[in-house]
Amino acid sequence: MSASKSGSALRHATHLSDLGVARFNALLERAARFKQDPPGAHLAGKLLGMVFFNPSLRTRASFEAVMKRGGGDAIVLEVGNGVWKLEDRDGIAMDGDRAEHVREAVPVLARYCDALAVRTFSAGVSDADDDRDPVIGAFKRFSTVPVVSMESAREHPCQGLADMLTVRERFGATRGTPVTLTWAPHIKALPKAVPDSFLLSAAAAGCEVRVAHPEGFELPDSVTHEAARYARESGGSVTYTHDQAAAITGTRVVYAKAWGAATEVGLRHAVDTRKPKADPELDRIRNLREWMPTAAHFQRAATDAVLMHCLPVRRDVEVAAALLDSPRSAVVDEAGNRFHAQRALLDWIFNGD
Amino acid sequence: MSASKSGSALRHATHLSDLGVARFNALLERAARFKQDPPGAHLAGKLLGMVFFNPSLRTRASFEAVMKRGGGDAIVLEVGNGVWKLEDRDGIAMDGDRAEHVREAVPVLARYCDALAVRTFSAGVSDADDDRDPVIGAFKRFSTVPVVSMESAREHPCQGLADMLTVRERFGATRGTPVTLTWAPHIKALPKAVPDSFLLSAAAAGCEVRVAHPEGFELPDSVTHEAARYARESGGSVTYTHDQAAAITGTRVVYAKAWGAATEVGLRHAVDTRKPKADPELDRIRNLREWMPTAAHFQRAATDAVLMHCLPVRRDVEVAAALLDSPRSAVVDEAGNRFHAQRALLDWIFNGD
Amino acid sequence: MSASKSGSALRHATHLSDLGVARFNALLERAARFKQDPPGAHLAGKLLGMVFFNPSLRTRASFEAVMKRGGGDAIVLEVGNGVWKLEDRDGIAMDGDRAEHVREAVPVLARYCDALAVRTFSAGVSDADDDRDPVIGAFKRFSTVPVVSMESAREHPCQGLADMLTVRERFGATRGTPVTLTWAPHIKALPKAVPDSFLLSAAAAGCEVRVAHPEGFELPDSVTHEAARYARESGGSVTYTHDQAAAITGTRVVYAKAWGAATEVGLRHAVDTRKPKADPELDRIRNLREWMPTAAHFQRAATDAVLMHCLPVRRDVEVAAALLDSPRSAVVDEAGNRFHAQRALLDWIFNGD
C-alpha cells in the first residue's frame with residue numbers, strides 16, 4: 001500500500017493536502033474514465049463505516065451507492081441518533097451527555113470496517129478552529145484504516161472533486177477555464193467547507209479562479225495561501241474581488257455559495273430575509289441580497305456559462321428559482337458527479353494508484 | 001421499456017391508475033407464482049432509494065427484504081431525521097426550516113438509484129388535497145427513474161396488492177368473493193389511503209365489495225367513482241351502507257380500518273376513548289365504539305370468514321384483542337404478503353411484463 | 001434443525017441458558033477458529049432483522065459487519081425513531097403512544113427475516129423484572145425465527161462471548177484463569193446486563209472468577225446462583241468480596257463495570273461527580289469514587305494483567321483515562337472480538353453445530 005501525501009501509511013482523504021495536486025488531477029481522470037466505463041465489482045468485500053455528526057442527503061446516498069454498486073457495502077451510524085454521543089476533547093472527566101470518546105469509538109469501528117467516512121460540520125467557533133478540524137483529525141489519529149471526509153469543518157473534498165469533474169465535462173478541460181466563486185445570501189451563517197474546497201480544487205485543477213464576496217466575508221488566509229500554492233503548481237490562477245459583476249464577466253462557471261462572515265459578529269447571521277427592521281447595519285446586510293444570482297447576472301458571463309451549487313440550495317434566497325429551473329443550471333449534473341468522483345476516490349483508497 | 005398506463009415512459013406505481021385493472025391482476029398472478037417459485041436474483045444490480053416522510057415498520061422491512069433477497073439493495077433516507085427537510089411547494093422563498101426542494105432532491109436521488117420508493121402521509125387538509133397527492137406527485141414529476149408508493153395521501157397500492165393476494169390465497173380467487181370493508185374506531189382521525197386502496201384493489205380484482213361506515217365517514221367521491229369503473233371492468237361490484245351487520249352478513253373478509261370523518265370537524269378526531277365528557281356530540285361519537293370488530297361480529301359472516309387489517313392495529317380500540325389472537329385473524333399472513341406483492345411489483349418495474 | 005437447550009425448536013440466543021456450558025465453550029472454539037480462518041460466505045442468503053429499543057455503536061456495527069461480510073445482509077429498525085413505538089404489555093386498551101403491539105410486529109418481521117436480533121435495556125424497575133426480561137421474552141414467544149440478544153434487561157450474551165474470547169486469546173485458555181469483575185463509579189445507575197453476562201460467561205468458561213463491589217451493589221441472586229451452577233459444570237469458581245484490592249491480587253483481568261445498587265434508592269443514582277453536597281450519605285457515595293480503576297490498582301495484579309471493559313466507558317469517571325491509554329488496556333481488542341464472537345453465534349443459528 002503506497003503512502004499518502006500526509007506522510008501516514010494510510011490513504012486518508014480528508015483534505016486536498018492529503019492528495020496533492022498530481023493525485024487530485026489523476027483522480028479526476030479516473031472519475032471521468034469510470035463514468036464512461038464502469039469498473040464493476042471493484043469494491044468487492046469492502047465495508048465502509050459511515051459516521052454522521054450532521055445531516056446529509058446527497059453525500060449519504062451517493063457514498064452508499066458507490067459501495068453497493070461496486071460490490072461492497074456500507075454501515076451508516078448517526079452520532080446522537082441511535083448511537084452514543086461522542087466526545088473528542090482530551091483531558092476532561094466524561095460526566096456530561098457524551099457517553100463515549102473517539103479514542104475508543106474510532107479504533108473499534110476500524111476493527112469492523114475497511115475504511116471510515118465521516119461528516120462533521122464546523123462548530124462555528126473560528127477559522128482557526130476549522131483549520132484544526134478537531135473531530136476528523138481525531139478520526140485520522142485514532143483510526144487504523146483510511147478515513148475519508150464527507151465534509152468537515154475545513155473542507156468538503158468530494159464536493160470539490162465532483163465540481164471539477166463537472167467543469168471538465170462541460171468545457172473539455174479544467175486548466176485555464178475561468179470559474180467564479182461568488183458569495184450568496186442566506187438566512188444564516190453557513191460553514192466555509194464548500195467554498196474552501198471549491199477554491200482549493202479549482203486551483204489544483206488549473207482553473208482561472210475568481211472569488212467575489214462582500215467586504216467582511218473573506219475566506220481564511222490559510223485556505224487562500226494554500227490555493228495560491230496549488231495554482232502555481234497547476235498553472236492556474238486565483239484572484240479576489242468585492243465586485244461581483246467584474247468577477248462574472250467572461251466566466252464559464254458561476255458557483256454560488258453562502259458562507260458566514262469572516263469576523264464581524266453582526267454579520268455571522270448574514271442576511272435574515274424574514275425580520276426587516278429599521279437598522280442601518282441591517283440595511284447594509286439587506287443590500288447583500290443583490291448578490292443572489294439570477295438570470296440577469298449571466299449577461300456578462302460567457303455564452304455557455306453554467307450555474308453550479310453544491311446543494312441543498314434555498315430557492316429565491318440563495319439563488320433565483322428561475323435560474324435553477326433554466327438550462328443554465330448544472331446543479332443536478334454536479335450532484336450526480338458526486339457518485340463518480342467518490343467512486344474514483346474510494347477505488348484509490350481501497351485499490352491504490 | 002414499455003410505457004405505463006399513466007402515459008409516461010417510466011413504470012411508476014403510485015396509484016392503482018398507474019397500473020390499471022389488467023396489469024393489477026397480472027401482478028397478483030406474478031406474486032402468487034413467485035411465492036411458490038422464488039425468482040432468485042431477479043433484482044441483481046438494482047438499487048432502490050427509499051424516502052420516508054413518515055414512520056414505517058412493515059413497509060420498510062418488506063421493501064428492504066425484497067431488494068436484498070432479490071440480489072439488489074436499498075438506501076433508506078428519513079426526511080427530517082438525518083436528512084434535510086424537503087420543500088415541495090413552488091413559488092415561495094425558502095427561508096423556513098425546509099432546507100432543500102424536491103425539485104433538486106428528487107432528480108439528484110434519481111442519479112444514484114434505479115427507482116425511488118416514497119412514503120408520505122396525508123397532510124389532513126382535505127380529500128381534494130389528498131387527490132392531488134402533492135408530494136408523491138412531485139416525485140413523479142421530477143424523477144427520471146420509476147417512482148413507487150410506500151403509501152401516499154391518496155393510496156397505499158402495495159397494501160392493496162397484498163390484500164388481494166391474501167384473499168386469493170384464502171378463497172382460491174378474488175372474483176366474486178364477498179369482502180367487507182368496515183370502518184373502526186380509533187383515538188384519532190387516520191388518513192384514508194388504506195381504505196381507498198382496499199376499495200380500489202378489491203374492485204379491480206372483481207370482488208363483491210361491501211363498504212360499511214357511520215354517517216359522516218364517507219370515502220371520497222373521486223375514489224368511489226374510480227372503484228365503480230374498476231368493478232365494471234373486472235366484473236365485481238361495490239355497495240355502501242351504514243349498517244355494519246348487514247354488510248358483514250355472508251361475507252368472507254371483514255377488513256377493519258379506522259379513518260377520519262369526511263367533513264365534520266368534530267369528527268375528524270374520531271373516537272377519543274380517553275376523555276369521556278358529558279356532551280351529546282361526544283356521546284354520539286362514543287356510540288361509534290360499537291363498530292369495533294369482535295368475535296361476535298363474525299356470527300353473521302361466512303363460516304370461513306377472516307379478519308384482515310393493514311397493521312399497525314390498536315388492540316381493544318380498533319379491533320378486539322381476542323379476535324386478533326383467534327384463528328379468524330389473517331393479519332400476519334396479510335402482512336407477510338407485502339413481501340410477495342412488492343416482489344412482483346418491483347420485478348415489473350425493473351424487468352417489465 | 002437441532003433444538004436449542006431452551007426446549008424450543010428454534011436456536012434462540014438471548015440468555016446463556018439458551019446455550020448451556022458445553023455449547024458456550026464450543027462457540028468460543030468456533031469463534032477462535034473463524035478468526036484464524038474466516039468462513040467466507042457462510043451466511044449467504046440470510047437476512048437478519050435488527051430491532052433497537054436503545055442506542056448502540058459496537059453492537060450495531062459489528063452485527064451488520066458479520067452479516068455483510070458473511071454474504072448475508074441486515075435490516076436495521078429503531079423503535080420510536082422512524083418505526084412505530086411498540087407495546088409489549090398484554091390486556092390493555094392501546095390508546096396511548098404505542099401504536100403497535102409486539103404480538104403483531106414480531107411475527108410479521110419473522111416473515112421477512114431469517115432471524116431477529118433485539119436490543120432492549122432494563123426498565124430499571126427491579127431485578128425480578130430484569131429476570132422476567134419482558135420485551136425479549138415477547139420476541140421469543142411470538143417469533144417463528146430465531147431471536148438473538150443484542151443486550152436485554154438481564155444479559156448481554158454476545159458481550160460475554162467476546163469477553164471470554166479475549167481472555168482465551170490473551171492467556172491461552174479460560175479455564176482456571178483468575179479474572180476480577182470490579183464495580184466502578186458512574187454518573188448514573190447502569191443496568192446489570194453486562195456484569196451479569198461477564199459473571200455467567202466467565203463461570204461457564206471455567207475461570208476463577210472474583211467479583212468485587214461495595215456493599216449494596218450485590219448482583220441478583222438468580223444470576224449468582226446460575227453462575228455457581230456453571231462454575232460447577234465447567235470446573236471454575238466464583239467468589240464475592242467488598243475488598244477490591246484483595247479481588248485484584250494476582251488476577252490477570254480487571255474487568256471494570258459500573259452498575260446500579262441492588263436495592264437502596266439513594267444509591268440507584270450511584271456516584272454523582274458533578275454535585276458535591278455536605279451530606280453524610282453522599283459522602284459515603286463519593287468515597288466510592290476510589291473504586292475507579294487506575295494504573296495503581298494493577299500493582300497487586302499479575303504482571304500480564306489487562307484491563308477489560310465493554311465500552312462505552314466514561315474516562316476519568318468509570319476508568320482512569322491514563323489506564324485506558326496504556327498497554328494494559330485490552331478494551332479495543334475486546335470490542336473487536338464482538339465481530340468474531342457474533343460470527344460464530346450467527347453461524348450456529350443459521351448453520352447449526
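**The contact between chain C and chain B**

Tutor: In the contact between these two chains, 22 residues come from chain C and 28 residues from chain B. Please bear in mind from the outset that this is a predicted model. On the chain C side of the contact with chain B, four elements each give at least two residues: strand 1 (47-52), strand 2 (73-78), strand 4 (100-101) and helix 3 (102-112) of chain C. Helix 3 of chain C provides the largest share of that side, with 7 residues. Sorted by class, the side of chain C that touches chain B holds 14 nonpolar, 3 polar and 5 charged residues.

Chain C also meets chain A, and there 28 residues of chain C are in contact with 22 residues of chain A. Two elements of chain C give two or more residues to this side, namely helix 2 (58-69) and helix 13 (331-351). Helix 2 of chain C gives the most, with 7 residues. The classes on the side of chain C that touches chain A are 14 nonpolar, 5 polar and 9 charged residues.

How are the chains placed relative to one another? Chain C is superposed on chain B by a rotation of 120° with 0.0 Å of shift along its axis, and the RMSD is 0.0 Å. The two copies are therefore related as by a three-fold rotation axis. In chain C, Asn81(C) is the residue that comes closest to this axis, with its C-alpha at 5.0 Å. A rotation of 120° with 0.0 Å of shift along its axis likewise superposes chain C on chain A, with an RMSD of 0.0 Å. For that axis too, the nearest C-alpha in chain C belongs to Asn81(C), 5.0 Å away. For the complex, the predictor reports an ipTM of 0.93 and a pTM of 0.94.

We may now turn to a single chain. Chain A has 13 helices and 11 strands, and its C-alpha atoms fill a box of roughly 55 × 50 × 35 Å along the principal axes. A compact globule of 353 residues would have a radius of gyration near 20 Å, and chain A agrees with this because its value is 20 Å. Of the 353 residues of chain A, 61% count as buried. Among contacts in chain A between residues at least 6 apart in sequence, 78% join residues at least 24 apart.

The domain assignment divides chain A into domain 1 (16-155 + 337-351) and domain 2 (159-335). Taken over C-alpha atoms, the centres of these two domains of chain A are 25 Å apart. Contact between them involves 24 residues of domain 1 of chain A and 25 residues of domain 2 of chain A. On the domain 1 side, helix 1 (16-36), helix 4 (127-132) and helix 13 (331-351) of chain A each supply at least two residues. Helix 1 of chain A gives the most to that side, with 8 residues. The side of domain 1 of chain A that touches domain 2 has 11 nonpolar, 5 polar and 8 charged residues.

Two details show how parts of a chain pack together. In chain B, helix 5 (residues 134-142) has as its buried residues Val135(B), Ile136(B), Ala138(B), Phe139(B), Lys140(B) and Phe142(B). They pack against helix 3 (102-112), strand 5 (115-119) and strand 6 (147-149) of chain B.

In chain C, Val253(C) lies in strand 10 (residues 253-257). Val253(C) counts as buried because it has 28 C-beta neighbours inside 10 Å, where 20 or more are needed. Leaving aside residues up to four places away in sequence, Val253(C) touches Val167(C), Val179(C), Thr180(C), Ala305(C), Val306(C) and Met308(C).

Finally, a word on confidence. Chain A averages a pLDDT of 92, and 91% of its residues score at least 70. The pLDDT is below 50 over residues 1-7 of chain A, a stretch with 16 contacts in the model beyond near neighbours in sequence. Residues 264-276 of chain A also have a pLDDT below 50, and this stretch has 29 such contacts. Where pLDDT is low, predicted coordinates should not be read in detail.

Notes: Residues numbered from 1 in each chain as written. Chains lettered and ligands numbered in written order. Predicted model: local features only at pLDDT ≥ 70, side-chain atom pairs only at ≥ 80, totals over all residues. Domains from an automatic or database assignment. Contact = placed C-beta atoms within 7 Å. Nonpolar A, V, L, I, M, F, W, Y, C, P; charged D, E, K, R; others polar. Rg over C-alpha atoms; globule rule 2.2 N^0.38 Å. Buried ≥ 20, exposed ≤ 12 C-beta atoms within 10 Å, placed from the backbone. Least-squares fit on C-alpha atoms with pLDDT ≥ 70 in both. pLDDT = per-residue confidence, 0-100.
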